[in-house]
Amino acid sequence: MQLRRLGPADWVTWRDIRLTALSSDPEAFGSALAVEREFDEALWRELLRPDRGVKVVAEAPEPVALVAGVPHEEHPGVLYLYSMWVKPEFRRQGIGEALVRDVLAWAREHGWERVQLRVFQSNETARRLYARLGFVGDGEIMDHLLS
């Protein structure tokens, strides 16, 4: 398995794995397959611009997982981790942990103070993963201080 940070030229890769994720586990996302299917090439490229954070895929050799870290819209200095998803047949192999570690490394490299995410309280598997990686929080919001 290899991790790869994507840029605008990788828009097809990001689009395809993102649509796969939305199709596979629609309840896990704040968007919908029908909405994102309508995105055009320009929008997909825009989402992958460096000033829009980091988008990472895990490849084995085709993309099997994704995660994103984007500037939080309401809190300066906070990178929001979202869209973490691993194809079902690749789960429980450490791919999710590797993806989150890569986003945390990217955040440190770029001077972010904190990484925040939202995870349902009922999703114990994900909460344990995030806690192992240093995220804290009792509600749906979990934080990781980088300093």
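The questions and answers below go through how some descriptions of this predicted model are reached.

The model is predicted, so local features need pLDDT of at least 70 and side-chain atom pairs count only at pLDDT 80 or more, while totals for chains, interfaces and linings use all residues. Residues are numbered from 1 along each chain as its sequence is written, and side-chain values use heavy atoms, with hydrogens and water left out.

Me: What makes up the secondary structure of the protein chain, and in which pattern?
Reply: There are 5 helices and 6 strands, in the pattern β-α-α-α-β-β-β-α-β-α-β along the sequence. Helices (H or I, at least four residues) and strands (E, at least two) are DSSP runs, numbered from the N terminus.

Me: Why does the radius of gyration of the protein chain agree with a compact globule?
Reply: The rule is 2.2 Å times the number of residues to the power 0.38, with the radius taken over C-alpha atoms. For 147 residues a compact globule would come near 15 Å, and the protein chain has 14 Å, so the two agree. The C-alpha trace spans about 35 × 30 × 30 Å along its principal axes.

Me: Why is Trp44 called buried?
Reply: Buried means under 20% relative accessible area, exposed means over 50%, and partly exposed lies in between (1.4 Å probe, protein chains only). Trp44 has 1% relative accessibility, so Trp44 counts as buried. Of the 147 residues in the protein chain, 43% count as buried.

Me: How many aromatic pairs does a search of the whole structure find?
Reply: The search finds 3. Rings of Phe, Tyr and Trp (its six-membered ring) pair if their centres lie within 6.5 Å; planes under 30 degrees apart count as stacked, over 60 as edge-to-face and the rest as tilted.

Me: Why is the pair of Phe39 and Trp44 called tilted?
Reply: The ring centres of Phe39 and Trp44 are 5.1 Å apart and the planes stand at 55 degrees, so the pair is tilted.

Me: What makes the pair of Tyr80 and Tyr82 stacked?
Reply: The centres of Tyr80 and Tyr82 are 6.4 Å apart, with 20 degrees between the planes. That angle is under 30 degrees, so the pair counts as stacked. Tyr80 is partly exposed at 23% relative accessibility, and Tyr82 is partly exposed at 28%.

Me: Where does Arg49 lie, and why is Arg49 called partly exposed?
Reply: Arg49 is in the loop between helix H3 (41–47) and strand E2 (54–59). Its relative accessible area is 31%, so Arg49 counts as partly exposed.
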